[in-house]
Amino acid sequence: MALAAARVSMPAEARAGEVVEIKALMRHPMETGYQVDAMGESIPRHIIERFTVSYDGERIFGMDLTQGVAANPFIAFTTRATRSGELVFTWEDDRGELSEVRKTLTVVP
Amino acid sequence: MPTRRQIIAAAGVAGSMLALPRLATATPQMHDDALSALSGGAPINDGRVELIIPGVAENGLSVFTTVAVESPMTEADHVRAIHILSEQNPIAHLLTWHLSPRAGIARVSTNIRLAASQEVTALAEMSDGTFWRDRRHVVVTIAACIDGG
C-alpha cells in the first residue's frame, strides 16, 4: 500500500539564481513504538525513515528521520533555481511504503 | 471552582500519563556519545550555527525547530549535513538533514518531539570536515508522549 498523498508547496516559477523555499508536509502517524493501546498491547513503531528530493535528476536534499520527529512531518528547505526542470520528492517509511510528489519549476532569466 | 469540562480534561491528561509505562530516556552521556560518533571525534566548535527553537514549548509533541548555518553554500565551502540531538528523549539523535551547494542557503525547519525539558543541540558538518554547533535549553510544558501517554 502506498503512503497517503503528501503536499508540497513551492513557487511554480523563479528567476535563475533565486533561492526558492520549499515546504513539504506528509500525513503519517510517526508511531514511536513506545505506546501501548487500550488492550495493553504495544503499538509497533511505524515511521518515515527517509525523505529525498531531486531536481533535474540531481539529488539536492535529504533527511533521515526517527521517532523524534513529530507526526505528519513538515520540512522546509531551500534550493537555488538553476534551470527549468522537475523536482521529485520521495518519502519512504520503515515498512517499505513509498510516496512521491513531482513538481515543475520554470526558471526565467 | 473548576468547570466540569476542566475536570474531564485534567482527568484525561492524568489518565493517559498513568496508564502507560515509563521508558528509559537518553541521558546527557548518550547525547555526548552520539555527538562524538557523528563528529568522528573531531573537535566541535561553537558558532556559525543558529538553532531557532522556542525557549518554552507548550506541546512537546511538536516543537517547530529551525537551524540556520552561516555558509556561502558553494562547491568549495558548504554545509554537508545538520543533525539535531536530544539529551532527554528515548533516543539521542533525532534527525539528519543532508544539504548540498544546490540549497543556496543553509536554513532548514521541521517539527520535533521533546520528551522533557532539556538542552537541544544542532550540529553542522561542513564540506571542509569541521563541525559547529549551537545549543538551546527548552522548557517543555506538556511532554511528548514518547515516554508513554
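## Chain B at a glance

In chain B, 71% of the contacts with a separation of 6 or more join residues 24 or more positions apart. The model is predicted. Chain B has 149 residues, and buried residues make up 42% of them.

The secondary structure of chain B comes to two helices and nine strands. Read from the N terminus, the order of elements is α-α-β-β-β-β-β-β-β-β-β.

## Confidence

The model has an ipTM of 0.94 and a pTM of 0.87. The average pLDDT of chain B is 85. In this chain, 80% of the residues score at least 70.

One stretch of chain B needs care. Over residues 10-22 of chain B, pLDDT stays under 50. The model gives this stretch nine contacts beyond four places in sequence. Where pLDDT is low, predicted coordinates should not be read in detail.

## A sheet across two chains

Strands from chain A and chain B build an open sheet of six strands. Its order is β1(A)-β3(A)-β6(A)-β7(B)-β4(B)-β2(B). The pairing is antiparallel. Which strands stand at the edges? They are β1 (7-9) of chain A and β2 (49-52) of chain B. Each has a single partner strand, so one side of each is left without a neighbour in the sheet. On average, neighbouring strands of this sheet are turned by 15 degrees against each other, direction ignored.

In general, strands of a sheet pair through backbone hydrogen bonds, either parallel or antiparallel.

## Where the chains meet

How many residues of chain A are in contact with chain B? There are 25, and they meet 31 residues of chain B. On the chain A side, β5 (58-65) and β6 (74-80) each supply at least two residues. The largest share comes from β6(A), with seven residues. By type, the chain A side divides into 15 nonpolar, eight polar and two charged residues.

The strand β6(A) also has its place in the six-stranded sheet, between β3(A) and β7(B). A further pairing between the chains involves β5(A). This strand pairs with β6 (residues 93-98) of chain B in the antiparallel sense, over four bridges. In β6(B), L95(B) is the bridge partner of L65(A).

Methods
Residues numbered from 1 in each chain as written. Chains lettered and ligands numbered in written order. Predicted model: local features only at pLDDT ≥ 70, side-chain atom pairs only at ≥ 80, totals over all residues. Pairing = 2+ DSSP bridges. Axes fitted to C-alpha atoms, helices over the stretch in contact; angles between N-to-C directions. Contact = placed C-beta atoms within 7 Å. Nonpolar A, V, L, I, M, F, W, Y, C, P; charged D, E, K, R; others polar. pLDDT = per-residue confidence, 0-100. Buried ≥ 20, exposed ≤ 12 C-beta atoms within 10 Å, placed from the backbone.
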